[in-house]
Amino acid sequence: MKISKSSHILLLVLLLLGVLVLASWKFKKDVVEMQQKEELFKEVYAFGFPIVLMDYTKRYFLNQFEDNAINTFHHYHRFPDWEFRNVVRPNVDTFYSMCWLDLSDEPVVVHIPASDHYFLMPTMDAFSNVFASPGTRTTGNKDQFIVYTGPNWEGELPKGMIHISSPTNSAWIHGRIMVKQSQKDKDEVIKFQKGITARPLSQWDNQDYTPKKEMVLYKANTYPIKAVEELNIEQFMNRLSMLLYQNKPLDSDSTMLSKLKEIGFQAGQNYDITKLSVKETIVFESVPKQMQSEWYSENNTCQKFPWLYSNSVIKKYKDKYSSRAYVAFTRLGMNQREDAIYAATRIDSRGKVLTSKRKYVLHFTKEQLPQVNAFWSLTCYNEKNFLVKNLINRYKVGSQDGLKFNEDGSLDIYIQSTKPEVGAESNWLPTPEKGRFSLILREYWPKDKVLENGNNLPKVTRRN
């Protein structure tokens, strides 16, 4: 049978349409698969970000001390200032006492002498999860020995010690001790700090023990968060590989380990990104800047509520890697909720972003004042989450600072870049000379009713 010319043309058209449909289907399939790969790469980056940042923080921190040994305490005998870059959003209420633990060889014993000062020693695993918080609230102010053991340790411990098991071989004791403004109190706290020691279990009662200096692999020319931001994806994955070889992932990470294997990653080996396709490589290389941009955007986006409560839920992160990474990115070292409640704001009562162009007041009625067992403070930070440079070197105001209350028991805090009117100077919290800023209200050891019912904090109100 002879096929007509029109039928032949129709057949060619149908064939062409079929090819186009097939090509379109394949294109859509490729797009979907690449989107799935991008989500996988993002999840991998979020998973690894905290442990990499913790490692860079460790290197940066130890480089500041001549006796840069692990398993020994290093103390700060003064408050952080606007040049402080160890961690973002530092507090200026306490002196820091910190110790990086290496539990791979044997347990480490921490001795804390008796003291009347409020203190806490929150301890973070290699992934930035707080897994213990010895201190006034939990273990009291008595003379105490605390022994930290690694995940693979087996053996007997001396009697009378408080035993804390770390999920990872590397851990960070990020201690804080409340300090009042008087020089006498500062001297007492410094004396207390000098009595805090850490020694390997085999040397715990050896008063002449001298720790070995750390071999510093990373020269800290830039502060930690910036150093990690500047890593390309291959450098990042190689550092992650080393760290996961040294620190066993948590039980909740089994699914992530399968995903890492899927992209050719193996702990302890250099990551070969060339095993990915060209398209995959391009996408993966773009992930660090993309994730950082998202975190910065989330941190600076206008909020819907007057105050945002950033309470630590790190024990419950499990596979919520994006949440954990965001907290590490914006406030590494945040305490557990029972130790401190953080309320943050970037907006005023009109919902407008806080800016140095304006003058503000935060008015607490007597009933709205923070309810705490320890103390509270309000701190100002710039757009990069660091303390604000100002002429009077004041970075916070709070219950320890001799604030001037009104006759009815209420309190006004003046938040502005220029000096306020006469009589208000004691309640002045300086802001940056230019740019946006944020505020954090810290409530240390909040009372039970606050934990149960929350706060009713006032809004920040514009004065001009």
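Strand β18 contributes three residues to the lining of the largest cavity, the largest share of that lining. The structure is a predicted model. Within this model, β18 spans residues 438–446, and β9 covers 170–178; each of these strands supplies at least two residues of the lining. The volume of the largest cavity is about 120 Å³. Its lining is made up of 17 residues, and those closest to the centre of the cavity are Arg89, Arg176, Met334, Tyr342 and Arg442. Sorted by class, the lining of the largest cavity holds nine nonpolar residues, together with four polar and four charged ones.

A total of 13 residues line the second largest cavity, and Leu53, Asn86, Val87, Val88 and Ile225 lie nearest its centre. Helices take part in this lining: α1 (5–62), α3 (224–229) and α7 (321–331) each provide at least two of the residues. In the lining of the second largest cavity, 10 residues are nonpolar, two are polar and one is charged.

Definitions and conventions:
Residues numbered from 1 in each chain as written. Predicted model: local features only at pLDDT ≥ 70, side-chain atom pairs only at ≥ 80, totals over all residues. Heavy atoms only, no water. 1 Å grid on protein atoms, 1.4 Å probe; cavity = no way out; pocket = protein on both sides within 12 Å on 5 of 7 lines; lining within 4 Å. Points joined across faces, edges and corners; volume = space filled by probe spheres on them. Helix = DSSP H or I, 4+ residues; strand = E, 2+ residues; numbered from the N terminus. Nonpolar A, V, L, I, M, F, W, Y, C, P; charged D, E, K, R; others polar.
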